[in-house]
Amino acid sequence: MAGAALLRQLGPRLFAAEPVYTGLAAARIVPARMASTSAPPDADGKEGAAEKTAAAADQQSKKAVVSYWGIERPKLVKEDGTEWKWFSFRPWDTYKSDTSIDVKKHHEPKNLPDKVAYWTVKSLRVPSDIFFKRRHASHALLLETVAAVPGMVGGMLLHLRSLRRFEHSGGWIRALLEEAENERMHLMTFLEVTQPRWWERALVLAAQGVFFNAYFVGYLVSPKFAHRVVGYLEEEAVYSYTEYLKDLEAGKIENTPAPAIAIDYWRLPADATLKDVVTVVRADEAHHRDVNHFASDIHYQGMKLKETPAPLGYH
């Protein structure tokens, strides 16, 4: 009895003579040249129904599938009325970098954890300098793939902690995630300057795989130590971009026009150059340096991140 009832329910679906598709689904599943049963073109040279169907299906498909979700994005325009062409960030995400920040600032190690963090970062610089030498753009690519990890890891763990403990984060979740996004935009910018070779891509995979897991565990064990490590990493980033600027100013590297994505993201003038881009990126790194050292300091003082608001105006 149960089998007979099941057969009655599934029978029409299992033994249906032919599936029926309509609209866009038909255009995608059935080849366009077979989707029409109209007569072929006549002898007068008029366009056949099959060609019209193919053109209509192709146009409909292009119009409908314009993003990962198949949703057409709203069109945005810049202040000058031209169309906004970036999907990775929006006009309201752009900003003018504070290049007046002190790029020579250094946090002196005061205790054993500080010294461990400092010398750990210093030891990592040696193989990096040997590997990249004066190839600053390639060095920047690797640097940014690593630098974008801590903010995401820290923001994610603080986010989960906020959910578990039903408490606010004092704005630190947003601050750390903005740091990660800012570092990623550095990477997107330098991809317009140079392209990584296959072995550099392999190095990025290895470095990110090791660093992500190490930082994840480290942040769980001691957030104050993790932030101190990032503070020193950012100090090294400031130094690297300072060396980049020296070679640009000395003419050892061509000072090419700034990539369009950098001009829009940092609101640079239309005639900005690569030197201007490196200058604003260095300022960003200096700000990340100060924020992470500050986060580590308030932990050392026995305060939690949620009790001390994150710095305003993160960029």
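**Helix packing in a predicted model**

User: Hey, which way does α6 pass α8, left-handed or right-handed?

Analyst: α6 passes α8 in a left-handed crossing. A crossing is left-handed if the near helix is turned anticlockwise from the far one by less than a right angle, and right-handed if clockwise. This is a predicted model, where local features need pLDDT of at least 70, side-chain atom pairs count only at pLDDT 80 or more, and totals for chains, interfaces and linings use all residues. Residues are numbered from 1 along each chain as its sequence is written, and side-chain values use heavy atoms, leaving out hydrogens and water.

User: Thanks! At what angle do α6 and α8 pack?

Analyst: About 25°, with the axes of α6 (residues 172–190) and α8 (residues 223–249) 15 Å apart. Axes are lines fitted to C-alpha atoms, for helices over the stretch in contact, and angles run from 0 to 180 degrees between N-to-C directions. The pair is therefore roughly parallel (angles under 35 degrees).

User: Which residues meet there?

Analyst: From α6, Leu 176, Glu 179, Glu 183 and Phe 190 meet His 227, Val 230, Glu 234, Tyr 241 and Tyr 244 of α8; contact means heavy atoms within 4.5 Å. The contact residues of α6 with α8 divide into 5 nonpolar, 1 polar and 3 charged. Here Ala, Val, Leu, Ile, Met, Phe, Trp, Tyr, Cys and Pro count as nonpolar, Asp, Glu, Lys and Arg as charged, and the others, Gly among them, as polar.

User: And how far apart are the axes of α5 and α7?

Analyst: The axes of α5 (residues 136–165) and α7 are 9 Å apart, at an angle of about 30°. That makes α5 roughly parallel to α7, and their crossing is right-handed. The residues of this α5 contact with α7 divide into 17 nonpolar, 4 polar and 1 charged.

User: Which α7 residues are buried?

Analyst: Glu 200, Val 204, Phe 211, Tyr 215 and Tyr 219. Buried means under 20% relative accessible area, with a 1.4 Å probe and protein chains only.

User: How many residues of α8 are buried?

Analyst: α8 is mostly covered, with 19 of its 27 residues buried. Just after α8, Gly 251 takes a positive phi of about 80°.

User: Switching topic: how many helices and strands are there?

Analyst: The protein has 10 helices and 0 strands. These are DSSP runs, numbered from the N terminus: H or I of at least four residues for helices, E of at least two for strands. Of the 315 residues, 37% count as buried.

Key: Buried means under 20% relative accessible area, exposed over 50%, partly exposed in between (1.4 Å probe, protein chains only). Angles under 35 degrees count as roughly parallel, over 145 as roughly antiparallel, 65 to 115 as roughly perpendicular and the rest as oblique.
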